[in-house]
Amino acid sequence: MPPISRTVRIGSAHGLHARPAKLFAQAAKDAGIPITIAKDAGSPVNAASILGVIALGIEQGDYVTLTADGDGAESTLDTLAELLTTDHDAEA
Amino acid sequence: MTELRGVGIGLGVAQGPVARMAEPAPAPSDAPSTISADEEKARVTDAVAAVARELEARGAQAGGAAQEVLEAQAMMAEDPTLADEIGTRLAQGKTGEFAVYDAFASFRDQLTAMGGYLGERAADLDDVAQRVIARLRGVPAPGVPDPGHPFVLVAKDLAPADTALLDLDKVLALVTTEGGPTSHTAILAREKSIVAIVGATSATGLRDGETVIVDAAAGVVTTDPTADELERAQNRADARASAASAPITDGSLADGTAVPLLANLGNPDGAADAVALGAEGVGLFRTEFLFLSSNQAPTVEQQREAYTKLLAAFPGKKVVVRVLDAGADKPLAFLNDAHEENPALGLRGIRALRASEDILREQLTALAEADAATDADLWVMAPMVATVEETTYFTDLARDYGIKTAGVMVEVPSSALLADRILVDADFASIGTNDLTQYTLAADRLLGSVASFQDPWHPAVLRLIREVGDAGRANGKPVGICGEAAADPLLAVVLVGLGATSLSMAPTALADVRATLLQHTIAEARDIATAALAANDAASARSAAQRAATR
């Protein structure tokens, strides 16, 4: 099965730093398949790497592309896309 | 005595002996490893896992916001990208210690280069690196000292792992030599009400055991204090403790001059707490919360519901609502999508609303409807007004929608200087001291490197406030203060002396300000303000006011 990709817009008011970055990297790690995240047309980094994710400097409204490869790639991307479009800071 | 300056967090004052945090261990040397790369790798894997588990355990013990931060640090320790970086260095024959040090440093440099919030997270990463290296060396991790008696903790910057587990019975105050107002030390000091001063660069010279006074309200650490100074500080700490339990009365000066004390709120949910702390109304209700979490503007119905909930909590009382203040530190894609080099000087506040007038019209519609359905006294104001023309634009529009009291925020020096003309049309002015200070001193208030300029005691700021106070008196219009300045008790007295007729602040600051206002008459407040106005800078304005207040 070829890798699949999806592009989403970041919903979190504070972008992908701190808490949202942690939630995202944790979810990517727990998925158990290789997943990458890229900002705009930039080069992809390991989505399970909190440091890699933070260093992208992603802000609210930025577009990112997720790519997953392996079993359940489709549903994994659904979950991660949902995470990225939600404003986690608004819940607190 | 010597005074060391930094940025104070909160209004407390404390005194006691210094205990310094252990300095980080020296950087590992780049000597080649004497064991195989695989053996080094096994050592690092064990150390990293042990540190991650320890951070998670500390998080579970601390709970709350600290737990999130500590869990994030545990993830940093076991980060796969970092593991690859470490592996590359081990394969080149480096020691585990050096590989960890060097790999962490490369990420740290990336974060520092990004600046701002991310730059301050570099301290989190440093802390993880220190812990892993200490574990590899078999030495205890750097941490909070335990001299066996209460102490003033002095550190470079505190890592979340340290602040989370601070024993509040032992820590009298915190002083850091690095870190800005958004550092972890500052955030946690606010959350736990610890007296703290951050970014006091010259505090590096403090010695273990020496007695200091930490005055967060003034942002000053006093070394070698005299008996007199120690007593004054103690009296202030005692007064503050008793003010917190004093009966709640309406704000007033010693001569009975009423100075309504109002609350700054960012959400209708905070209304009950504000009333419990004695708020006589709301001096600043920020409406951004309705907008920041959505990609499009909320509907009139959604807004009306939120405003009605707020107004219903204050029957018969004044509630000042600020229409949407977007831009700069609060960007909203649907209002302004353009990249701006200087967003604080860009299309923000009333400028942005004017460019998307339907959003402003919908907001005024919802406010007028909520007003009609409740008994509160609704006032509505526009943010970031810079000209008389903008004032007329906003007040005309607001009155078209049936808003009975329409005013403007004075945050830009131009509107302070022309307040006499602005107040011909506006029903009231409310001074936002944070932005007024940033624009008067030309210093970005979100930037740690220029944080020392962000001091509303600066006489240039006070002069502008006097202009507005005078204009209010001349036109018979109220002038409120709704910036953090109103929460500084002595500055609150100065502001009243300059002509402010009401003060609005975070509800937790009400007790301190209420108690201090009761100590001075209006004539004294004017004298204290005159003393502050005559100073050359913020620090001397503050001390001149202190001298005038104790005469």
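Is Asp224(B) buried or exposed, judged by the other C-beta atoms within 10 Å? In this predicted model, Asp224(B) is exposed, because 11 other C-beta atoms lie within 10 Å of its own, and a residue counts as exposed at 12 or fewer. Its place in the chain is the loop between strand S8 (220–223) and helix H8 (227–243) of chain B.

**Two aspartates with positive phi**

Asp224(B) also has a positive phi of about 45 degrees, although it is not a glycine. Most residues other than glycine have a negative phi. In chain A, Asp40(A) likewise has a positive phi, near 45 degrees, and is a residue other than glycine. Asp40(A) belongs to the loop between strand S2 (35–39) and strand S3 (45–46) of chain A, and it counts as exposed because it has 11 C-beta neighbours inside 10 Å.

**Chain A: an open sheet**

Strands S2 and S3 of chain A take part in an open sheet of four strands, which has the order S1-S4-S2-S3 and antiparallel pairing. Strand S1 (4–9) and S3 of chain A form the edges of this sheet, each of them pairing on one side only. Six bridges link S1(A) to strand S4 (residues 63–68) of chain A in the antiparallel sense, and within this pair Arg6(A) stands opposite Leu66(A) in S4(A).

**Chain B: overall make-up**

Chain B contains 22 helices and 16 strands, and of its 551 residues 52% are buried. Among the contacts in chain B with a separation of 6 or more, 66% are between residues 24 or more positions apart.

Strand S12 (residues 377–382) of chain B is largely enclosed by the rest of the structure, because five of its six residues are buried.

| Strand pair | Sense | Bridges | Residues standing opposite |
|---|---|---|---|
| S11(B) and S12(B) | parallel | five | Val320(B) and Trp379(B) |
| S12(B) and S13(B) | parallel | four | Ala382(B) and Val408(B) |
| S1(A) and S4(A) | antiparallel | six | Arg6(A) and Leu66(A) |

Between S12(B) and S13(B) the chain passes through helix H14 (residues 388–400) of chain B, making a β-α-β crossover that is right-handed.

**A helix pair in chain B**

Helix H19 (residues 489–497) and helix H22 (residues 538–550) of chain B pack at an angle of about 80 degrees, and their axes are 11 Å apart. H19(B) is therefore roughly perpendicular to H22(B). On the side of H19(B), the contact involves Leu490(B), Val493(B) and Val494(B), which meet Ala545(B), Gln546(B) and Ala549(B) in H22(B). Five of the residues in this contact are nonpolar and one is polar, with no charged residue.

**Where the chains meet**

The contact between the chains takes 19 residues from chain B and 20 residues from chain A. On the side of chain B that touches chain A, at least two residues each come from helix H2 (64–77), helix H3 (80–91), helix H4 (96–114) and helix H5 (116–137) of chain B. H2(B) gives the most to this side, with five residues. By residue type, the side of chain B that touches chain A divides into twelve nonpolar, three polar and four charged residues.

Conventions. Residues numbered from 1 in each chain as written. Chains lettered and ligands numbered in written order. Predicted model: local features only at pLDDT ≥ 70, side-chain atom pairs only at ≥ 80, totals over all residues. Buried ≥ 20, exposed ≤ 12 C-beta atoms within 10 Å, placed from the backbone. Contact = placed C-beta atoms within 7 Å. Pairing = 2+ DSSP bridges. Right-handed = clockwise from strand over helix to strand, strands pointing away. Axes fitted to C-alpha atoms, helices over the stretch in contact; angles between N-to-C directions. Parallel < 35°, antiparallel > 145°, perpendicular 65-115°, else oblique. Nonpolar A, V, L, I, M, F, W, Y, C, P; charged D, E, K, R; others polar.
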